[in-house]
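Hi,

Here is the structure I promised to pass on.

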Amino acid sequence: MKLFLFILKRFFRLVLTILIISTIIFFVIRVIPGDPALVVAGIDASNAEIQAIRVKLGTDVPVAVQYVRWMKKLVRFDFGTSLISNQPVMTLIKQRFPLTFSLALLGIFLGILIAIPLGVLSAVHRWSLWDYFGMVYSQLGMAIPSFWLGIILLLLFSVKFPIFPLFGSGSIKNLFLPAIALGFARAAVILRLTRASMVDELSKEYIITARAKGLTEKMIHYKHALKNALIPVVTVTGIQFGYMLGGAIIIEQVFSLPGLGRLFLFAIYQRDFPLIQGGVVFIAVIFSFTNFLVDMFYSFLNPKIRIS
Amino acid sequence: MKIFMKAGFILLFLLAAAGGIFASGKTESKPLNFALSGNPDTLDPQGTSGTLTFQVDKSIYDTLTEPNEKGVIVPALAESWDVSKNSLVWTFHLRKGVKFHNGDPLTSADVKATFERIVDKKTGSPNKKAFDVIKSIETPDDLTVVFTLGKPYAPFLASISSGWGAILPKSLIDTGHDFASEPVGTGPYKMTEWVRDSKIVLTKNNDYWMKGYPKINQIIMNIIPESSVQIQGLLSGQLDIVYMVSKDNVPLLQKSPDITLTKNLTSLIMVMAINCSRPPFNNVKVRQALNYAIDKQKVLDTAYSGGKVIGTFMDYGNAYYKDFTSLYPYNPEKAKQLLKEAGVGKDTVIKMYLPQNYPPHVKAGEMYQDMLSKVGLNVKIQMVDWSTWISDVYRGSKFDLTVIGHTGKLDPNGTLSGYGKGKYVQWYNDEAASLIEKAAETMGYKKRKAIYDKVLGIMAEQVPFVYVGSSYRTSGIRKNVTGFRMTPNLDTFDFRWTEFK
């Protein structure tokens, strides 16, 4: 029952969030300069032609009318039609989402795969070689821009040693290098946090108690300390996952991947209003959902954290 | 920990499996891999002004007439055409036995329906006005189309030959077919796959009317935004043609024994546009000073891939081009003197708007800023994205200076129409405006050339722009590929003669 109430509360919060941000984005993109009809028309079109394009796109009516029209559709989960490609926004998002989602998932997975073991080792064996390695890694990871790493990876593993394809999409091989480029920097953040959190846990009194009880170091580190130390890590990883969907824009550009990032980037460039709006709403839902999952995961890690 | 390790193993296994599939080679005839730097918004030839659309559509559609590799208009879907004495009635005789990709035979009804679609307001075509001059279209028989124009209109044949004159099948027009994502034409290739932002696959049309052409069975247009990836793809043989190579990458490609670099003059008119309605640029002396202050060849060589300097608003290779470059040669001293006479100094802040998505224009803009500051002008740069440029700068004329390249047109009317009556440079000159209108209604190259010479002379003297030049385009092509052509003035790709050696 409590869980149900929790989900219900979360759901209403999500609806409210979407209502607010969709309204903000709706007006913001209409305030900034740029008219989609002019993007379609190009520089040689006459005023009459531009007006005909506006009528076709439905941008000739007052903004308030456009807003009502859009809201009417939105409540029916209809994001409308792209002004530039004339495809339903939902179809475009559905086509692109699997790629970006797999990319972010693989990226965060590779990130965790590097970060958590290295973070734990660094914390347990402080000032050891592991720790120094971890430090150097996290410095590099945070300093190296992902697009640069992406290009270097391409030159190395698609040109010098042609193991992975240079461009194209549709297979997991196309995702591996971009996922590394994305995950590399994320891992640095997660690593630092894991180490700090683990060090913090290890200095707590219950660890001394555990040692006094005669538990093995292994038990203490992994069974007790790690589980508690992971709570802030999970939060940050959840947020990092959200950021990855954003960070994918640049990576998709470098690796010629047809993902959400490029879709939304061009939507902004071309002032494709329905696509920008749909994109923002979609990303908001993903963010809220990730946060929800993170919250659920807390109670799994530590049953003491009650859902409330 | 264990979970992570297990997952890691699964992942490694998956990758190894994927690698195994990758190893199996293909034996069927090789497709041509082409690099396209962006995704076309639509493939409806009537629904856009975007060059990318026409570049792809060139292989999917045909026009009644088309420019050949020298820019001369030759028969395509129409075997021949006649024009009445008063230049109002144009009769086109269609080729027999041409089929659309869906199997429909090409008839005069398709031609009629096509042009009726483009002038229909509901289509919202940005190229409607090119055909507004048509009063009626008659189809006396299946292979004859008669256009009757409302007034003599010299650019008509050029409009028919441009990308937006592509012929669509009537049966699909009638059912409201989605030409934007599923193009159906009579062209040398059919579009068989389009993964947006990734690739467009074109497959040979075996029924193509030009017997024995095209040569290559499949063309894969790989959409690759990152130019360094295009270059690496060309070097490693994963790409066969990169049609535009930036200046920085030329040395890298020159070193490769597998690549031919070709250099062609584009039909672009590179300019720095001046807002003639805003002080101090409403004073012609100041505009002349700008022209004296700019070292045009240096800008062409540094920002663009080299090129030919021009002195008026027409591309260098155009049949209507006239040389006015001696009017305002590079002379900073003269520029300073003119500015002094006009009383313009450092205290006048000049805003230059640059379209940030075109790095060469941005580079050129920075050079102009530097050159203008040397003659004592205070230029501030403002970067804008393309939508803002087109809405505020171009349509709104909210700028002092801006940098852009005007694309070439098959007919000079396309380039000059509207100038003298404002346009984005806010330049008003009744004589030029009426001459431009007169030239559009005048038939015959010689007569038109005489009028355009006058127009271009006025524009060269009054300088609503700093005319810079027409730039070169360098293409990188693998040595085993021959016969790749670019359509003159339209900048579209023509793969019909392309083959592997």
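Below is what turned up when I went through it, chain by chain and contact by contact. One thing to keep in mind throughout: this is a predicted model.

Chain A to begin with. The chain is helical, with 12 helices and zero strands. Its C-alpha atoms fill a box of roughly 85 × 60 × 30 Å along the principal axes. Out of 308 residues in chain A, 50% count as buried.

Which helix gives the most to the nonpolar patch? That would be H7 of chain A (residues 146-160), with five residues. Leu156(A) sits in this helix, and at a relative accessible area of 36% it is partly exposed.

Now for the inside. In soluble globular proteins, nonpolar side chains tend to be buried together. Here the largest nonpolar core has 174 residues, and Val299(B), Tyr424(B) and Phe465(B) have the most contacts inside it. The largest share of this core comes from helix H5 of chain A (residues 89-124), which supplies 15 residues. From chain B, domain 1 (2-43 + 187-240 + 480-500) and domain 3 (269-472) each give the core at least three residues.

Helix H8 of chain B (residues 284-293) is worth a look too. Eight of its 10 residues are buried, so the helix is largely enclosed by the rest of the structure. Among the buried ones are Val286(B), Arg287(B), Leu290(B) and Tyr292(B). The N-terminal end of H8(B) is capped by Asn283(B), with a side-chain oxygen 3.0 Å from the backbone nitrogen of Lys285(B).

Then the charges. Over all chains, the count comes to 30 salt bridges.

- Lys129(B) and Glu49(A) meet in a salt bridge, 3.1 Å from N to O. Lys129(B) is in the loop between helix H3 (108-119) and strand S6 (134-141) of chain B, while Glu49(A) is in helix H3 (residues 47-57) of chain A, so the pair joins two chains. The Lys129(B) end is partly exposed at 34% relative accessibility, whereas Glu49(A) is buried at 1%.

- Asp258(B) pairs with Arg478(B) in a salt bridge, the closest N and O atoms being 3.9 Å apart. This pair links distant parts of the chain, 220 residues apart: Asp258(B) lies in the loop between helix H7 (250-254) and strand S12 (259-265), and Arg478(B) in strand S20 (residues 465-478) of chain B. Asp258(B) counts as partly exposed, at 34%, but Arg478(B) is buried, with a relative accessible area of 15%.

- Asp491(B) and Arg473(B) form a salt bridge as well, with their closest N and O atoms 2.9 Å apart. Asp491(B) belongs to the loop between strands S22 (485-486) and S23 (493-494), Arg473(B) to strand S20 of chain B, and they are 18 residues apart. Buried or exposed, these two, Asp491(B) and Arg473(B)? Both are buried.

- Lys58(B), Glu66(B), Asp494(B) and Arg496(B) are linked in a network of salt bridges.

That's everything from my side.

Cheers

Technical notes
Residues numbered from 1 in each chain as written. Chains lettered and ligands numbered in written order. Predicted model: local features only at pLDDT ≥ 70, side-chain atom pairs only at ≥ 80, totals over all residues. Heavy atoms only, no water. Buried < 20%, exposed > 50% of the residue type's maximum accessible area, 1.4 Å probe, protein only. Helix = DSSP H or I, 4+ residues; strand = E, 2+ residues; numbered from the N terminus. Polar contact = N/O pair within 3.5 Å; in protein donor to acceptor, adjacent residues only side chain to side chain. Core = buried A, V, L, I, M, F, W, Y, C linked by side-chain atoms within 4.5 Å. Domains from an automatic or database assignment. Salt bridge = Lys/Arg side-chain N within 4 Å of Asp/Glu carboxyl O.
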